[in-house]
Amino acid sequence: MSLFNPTKDQVREFFCMTWHKQVSNGILTPLESIAARWMVEHPEYHELLSELEVAKDKEFSVENGQTNPFLHLSMHLSLTEMVQVDQPKGINAISKELTIKLDSEHTAQHQMMECLGQILWESQRNGTQPDMQEYLMLLQRLL
């Protein structure tokens with residue numbers, strides 16, 4: 001699997017296999033440990049994560065009010081890594097402050113996800129790289 005450009009099936013397989021390891025007390029890699037932590041926080045996804053073939057075929061429609069659990073978990077994973085390495089510079093401090101303000105890292109990440117989603121959407125729409133300065137500005141507004 002290409003770490004930086006996985007296919008839809010590879011992403012879904014990663015999360016489903018990680019969930020299988022989690023529930024069967026398997027040994028997780030560091031990346032799987034982070035992913036499993038967020039999967040535990042989302043019990044509404046557990047049934048789907050337990051059925052790889054169903055997960056691979058399932059479509060999620062924003063028009064029908066459906067959240068794509070694999071996109072959601074991927075964003076948790078991305079945000080966690082951004083915060084750990086403090087890239088973009090300052091995101092670690094913002095995350096800590098927002099977590100204290102909201103009394104929940106999970107809730108803080110959900111708010112940060114909205115900002116990340118906006119930046120990624122604008123980047124795709126404009127055919128440009130994500131604007132990290134704009135991203136940090138959006139995150140600062142959460143405080």
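Q: Is Asp86 buried or exposed?
A: Asp86 counts as buried, because its relative accessibility is 16% and buried means under 20% relative accessible area, with exposed being over 50% and partly exposed in between (1.4 Å probe, protein chains only).

Q: What kind of model is this?
A: This is a predicted model, in which local features need pLDDT of at least 70 and side-chain atom pairs count only at pLDDT 80 or more, while totals for chains, interfaces and linings use all residues. Residues are numbered from 1 along each chain as its sequence is written, and side-chain values use heavy atoms, with hydrogens and water left out.

Q: Back to Asp86: which side chain meets Asp86 in a salt bridge?
A: The partner is Lys89, with 3.3 Å from N to O. A salt bridge here is a side-chain nitrogen of Lys or Arg within 4 Å of a carboxyl oxygen of Asp or Glu. Lys89 is exposed, as its relative accessible area is 64%.

Q: How many salt bridges does the count come to?
A: The count is five salt bridges by this rule. One of them joins the side chains of Glu59 and Lys8, at 3.1 Å from N to O. That pair links distant parts of the chain, 51 residues apart: Glu59 is in the loop between helix H4 (52–57) and helix H5 (69–85), and Lys8 is in helix H1 (residues 8–23). The helices are DSSP runs (H or I, at least four residues), numbered from the N terminus.

Q: And is Glu59 exposed or buried?
A: Glu59 is exposed, because its relative accessible area is 53%. Lys8 counts as partly exposed, at 41% relative accessibility.

Q: Which residue forms a salt bridge with Lys56?
A: Glu13 does, and the closest N and O atoms of the two are 3.7 Å apart. Lys56 lies in helix H4 and Glu13 in helix H1, so this pair ties together parts that are 43 residues apart in sequence. Lys56 counts as buried, at 19% relative accessibility, whereas Glu13 is partly exposed, with a relative accessible area of 36%.

Q: New topic. Where does Glu32 lie?
A: Glu32 lies in helix H2, which covers residues 30–40. Glu32 counts as buried because its relative accessibility is 9%.

Q: Which side chain does a polar contact join to Glu32?
A: That of Lys21, at 2.9 Å. A polar contact is a pair of N or O atoms within 3.5 Å; within protein, one must be able to donate a hydrogen and the other to accept it, and residues adjacent in sequence count only if both atoms are side-chain atoms. The Glu32 side chain also reaches the backbone nitrogen of Thr29, at 2.8 Å.

Q: What else does Glu32 touch?
A: Leaving aside residues up to four places away in sequence, Glu32 touches Phe14, Thr18, Lys21 and Ile27. Contact means heavy atoms within 4.5 Å.

Q: Which residues in H2 are buried?
A: Buried in H2 are Glu32, Ile34, Ala35, Ala36, Trp38 and Met39. The buried residues of this helix pack against H1, helix H3 (46–49), H5 and H7.

Q: Where is the place of Gln109?
A: Gln109 is in helix H7, residues 105–126. Gln109 is buried, with a relative accessible area of 2%.

Q: What does Gln109 touch?
A: Apart from residues up to four places away in sequence, Gln109 touches Trp38, His76, Leu79 and Thr80. The side chains of Gln109 and Thr80 are joined by a polar contact of 3.2 Å.

Q: Where is Thr80 found?
A: Thr80 is in helix H5 and is buried, with a relative accessible area of 6%. Among the residues that Thr80 touches are Ile34, Arg37 and Trp38.

Q: What does the charged end of Arg37 sit over?
A: The charged end of Arg37 sits over the ring of Trp38, 4.4 Å from the ring's centre. The rule asks for NZ of Lys or CZ of Arg within 6 Å of the ring centre and within 35 degrees of the ring normal.

Q: How many aromatic pairs does the structure hold?
A: The structure holds three aromatic pairs. Among them is the edge-to-face pair of Phe14 and Phe15, with 5.1 Å centre to centre and 75° between the planes. Rings of Phe, Tyr and Trp (its six-membered ring) pair if their centres lie within 6.5 Å; planes under 30 degrees apart count as stacked, over 60 as edge-to-face and the rest as tilted. Both Phe14 and Phe15 are buried.

Q: Which residues form one aromatic cluster?
A: Phe14, Phe15, Phe60 and Phe70 do.

Definitions and conventions
Helix = DSSP H or I, 4+ residues; strand = E, 2+ residues; numbered from the N terminus.
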